[in-house]
Structures are given as C-alpha cells and as structure tokens.
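Visitor: I have a model open here. Can you walk me through the main points?
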Amino acid sequence: VNQIKAKASNNFIDGYAKIYNLRDYQLETNLKANLNLANITSIFPVESFKVKGDLKIDFKANGTYEPKKNIFPISNSHLKLDNGYLKYTDIPELPIEDIDIEMNVSSAKGAINDLKIEVLPISFKLAGEKFKLDADLYNFNNLTYKINSQRTLDLNKIYRVFAIEGYNVNGMIKANLNIFGKGTSSDNSTVRNRGFIDLKNIFLD
C-alpha cells in the first residue's frame, strides 16, 4: 500500500506499508496513527463490546524478516494507549478499566540479537483489582529479560472475560515480582529474582 491516509476530527492514520515479497518478507513501512477509540466505534459500531481510550502508534520498519538467519527489519516503533476501557456487552459487570499501555520496539542493526522490546508499563483494573507489568526484553538469541509485576488477580473474573470453552477456573493470585536473567545461561550469577506469589483456593475444572 503506497499510501494510507484517513482523517476524521482529531483522528488520523497516515503513512505507507509495502511488502515486496513473501519469501524473506522484505518490507518498508512508515505509519502513524492517533485515534480516539470511542470516536472510531461511534462511526463503526461494534455490538459485542464497548471500547474507549486514546491510541497513538508510530511504526517504522525497513528490511527483511528471516528468523532462521537471525535477521529482523531495522525498526523503531512506539505504541501508547491512555485511559483505555473495554466492556463486553454480555458481562457488563466486569469492565477492564484504566488501561495504560506503552511499548517500544527497536532494532538498529536489523538482527534478532539487536531486537529490544520495552514495556513501560502495562496496567489496568479489572473489577476494582489492579494489575501492573513493565518489562525489558532484548537479545532474542540469548534472551535477556527484566520484568516487574504487581498484581492481585481473581482468576474466575479473568476467565469470564477471556474464557476458554470447556474449562472453569477459580482462585486468587497476588504477586509482587522483580525478575532479571538470561534465558539460556547456566550461570546463576546472571539470574536475580525477588518478590512473592500468593496463591489462594486455586481450582481448575
């Protein structure tokens, strides 16, 4: 697509996305968007859920995607969602509120071991219970990770929102974790974990 351009009120999408072949997925993309999700769904209604929030996207990528050769497009992308809200019409008592997401994805050299994903952070509230996660992931050939999470989760409420047919889940999880390490390292000095996980009345049927 040589040009993508749309504007309505303060909402816009502008840029281009080109994929030259499906062998090594050579692509060239520069896409920006600024969307008020409530405005968008008022123009294009969706009956099954209600969504709100301010979404900003700045996506740039140039190169090929060849995972067997550890090649990834040179990229510098940013996504941010503020004041997000999601409510399914068949479970109106369980909205997901105060959704804030900010992520950066970058690769300056176009290699898997140069790829870096930053989550800064993700947070939301489900039925009054808060969840927060921030993470740094980089060098995907020997994954190095740093993850912080604070959460209290009612599994039954989460299951009702993200249901898997044939299962029933109950219980509470409370966690405060700080994790750092390398995925394939056998050196314990490269792993630093602290925090706690408290599980109560876990039930899976």
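Guide: One term to begin with: buried means under 20% relative accessible area. By that cut-off, 27% of the 205 residues of the protein chain count as buried. Keep in mind that this is a predicted model.

Visitor: How many helices and strands are there in the protein chain?
Guide: The protein chain has two helices and 11 strands.

Visitor: What pattern do they follow along the sequence?
Guide: The pattern reads β-β-β-α-β-β-β-β-β-β-α-β-β.

Visitor: And what box do the C-alpha atoms fill?
Guide: Roughly 55 × 55 × 30 Å, taken along the principal axes.

Visitor: What share of contacts comes from residues 24 or more positions apart?
Guide: Such pairs make up 44% of the contacts with a separation of 6 or more in the protein chain.

Visitor: Which residues make the nonpolar surface patch?
Guide: Ile19, Leu22, Tyr25 and Tyr65 make a nonpolar patch of about 450 Å².

Visitor: Where is Tyr65?
Guide: Tyr65 sits in the loop between strand 4 (49-63) and strand 5 (74-88).

Visitor: Why does Tyr65 count as partly exposed?
Guide: Because its relative accessible area is 38%, and partly exposed runs between the 20% cut-off for buried and the 50% cut-off for exposed.

Visitor: Switching to Ser107. Where is that one found?
Guide: In strand 6, which covers residues 96-107.

Visitor: Is Ser107 buried or exposed?
Guide: Buried: the relative accessible area of Ser107 is 0%.

Visitor: What does Ser107 contact, leaving aside neighbours within four places in sequence?
Guide: Phe72, Pro73, Ile74, Ser75, Asp114 and Leu115. With Asp114 there is a side-chain to side-chain polar contact of 3.2 Å.

Visitor: Salt bridges next. How many does the structure hold?
Guide: Eight. Let's take three of them in turn.

Visitor: Fine. What is the partner of Asp58?
Guide: Lys60, with the closest N and O atoms 2.9 Å apart. Asp58 is partly exposed at 24% relative accessible area. Lys60 is partly exposed too, at 31%.

Visitor: And which residue does Lys80 meet?
Guide: Asp82, in a salt bridge of 2.8 Å from N to O. Lys80 counts as partly exposed, at 25% relative accessibility. For Asp82 the value is 26%, again partly exposed.

Visitor: What about Asp98?
Guide: Asp98 forms a salt bridge with Lys125, and the closest N and O atoms are 3.3 Å apart. This pair links distant parts of the chain: Asp98 is in strand 6 and Lys125 is in strand 7 (residues 116-126), 27 residues apart.

Visitor: Why do Asp98 and Lys125 count as partly exposed?
Guide: Asp98 does because its relative accessibility is 42%. Lys125 does because its value is 22%. Buried would need under 20%, and exposed would need over 50%.

Note on methods
Residues numbered from 1 in each chain as written. Predicted model: local features only at pLDDT ≥ 70, side-chain atom pairs only at ≥ 80, totals over all residues. Heavy atoms only, no water. Patch = residues over 30% accessible without salt bridge, like charges linked within 9 Å, V, L, I, M, F, W, Y side chains within 5 Å. Areas by Shrake-Rupley, 256 points an atom, 1.4 Å probe, with all protein chains shown as cover. Salt bridge = Lys/Arg side-chain N within 4 Å of Asp/Glu carboxyl O. Helix = DSSP H or I, 4+ residues; strand = E, 2+ residues; numbered from the N terminus. Buried < 20%, exposed > 50% of the residue type's maximum accessible area, 1.4 Å probe, protein only. Polar contact = N/O pair within 3.5 Å; in protein donor to acceptor, adjacent residues only side chain to side chain. Contact = heavy atoms within 4.5 Å.
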